[in-house]
Amino acid sequence: MYDAFRTRYTLSCPTRGEAHVPLHAFRRLERLPGPSHPVVFRVEFDCSCGEPHSALVAHDDLDWAPLGIVDGTFHNVMTDRAEPIGAELADVAARKIQAGEWPWSFFCYPEERPRPVFPSSFSVLAPGGQAIGVAVRCPVCACVSVNLVSEEHVDVPFHNDAHVGVVDHVFREDVLATVESFRAELHSARFDARRLALE
Ligand SMILES: [Zn+2]
Ligand SMILES: [Zn+2]
């Protein structure tokens, strides 16, 4: 489900069979209702074949596989095969988190502070120029803030942009209902630069 070497999710494409999708190509994430175990997210993504698709992604795969904490694979360049990740990646991730680094973070606008977060808190993403606009539901205050970040900030665990753009208002829920309405709001929004260092 996740290729840690290339930092790509492996999702199905009706045209090509398989697509290797970076997190920044996700467009909308929605937790499926109901008490399902494991929790499952419906993900809309822009596929490299040029079409948008949707896929179901388990919570563990979404949040933990990029850290090597559940079954994942990496592309072994020596053998040219996908091989299971050993415990090493998970160890590295655990050590970094203990040292106060966080795999993903965002700037919460209403709380005026950076917060650690996981991909399952991402709501809608849309590219805008060189950057990605990402709507994040704060795990602490539950408000949605919109940050303008680099692709690496989204794709690569423990890569956090030093500064991010922060939209100077909270987005209404209906704006987040579709990628189109989010994109339109994003284009008319004002961004302030904020430092993202977590204390
Ligand atoms: Zn496709
Ligand atoms: Zn918050």
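Cys47 is buried, at a relative accessible area of 7%; buried here means under 20%, exposed over 50%, and partly exposed in between, with a 1.4 Å probe and protein chains only. Cys49 has 22% relative accessibility and so counts as partly exposed.

Before I go on: this is a predicted model, where local features need pLDDT of at least 70, side-chain atom pairs count only at pLDDT 80 or more, and totals for chains, interfaces and linings use all residues. Residues are numbered from 1 along each chain as its sequence is written, chains are lettered from A and ligands numbered from 1 in the order in which they are written, and side-chain values use heavy atoms, without hydrogens and water.

Both cysteines belong to a metal site. The zinc ion (ligand 1) is held by Cys13 (SG), Cys47 (SG), Cys49 (SG) and His53 (NE2), at 2.1 to 2.3 Å. Donors are N, O and S atoms within 2.8 Å of the metal (3.2 Å for Na, K and Ca), and sites may look incomplete because water is not among the atoms. Along the sequence, the spacing for ligand 1 is C-x33-C-x1-C-x3-H.

Glu111 is partly exposed, at 26% relative accessible area, whereas Cys138 is buried, at 3%.
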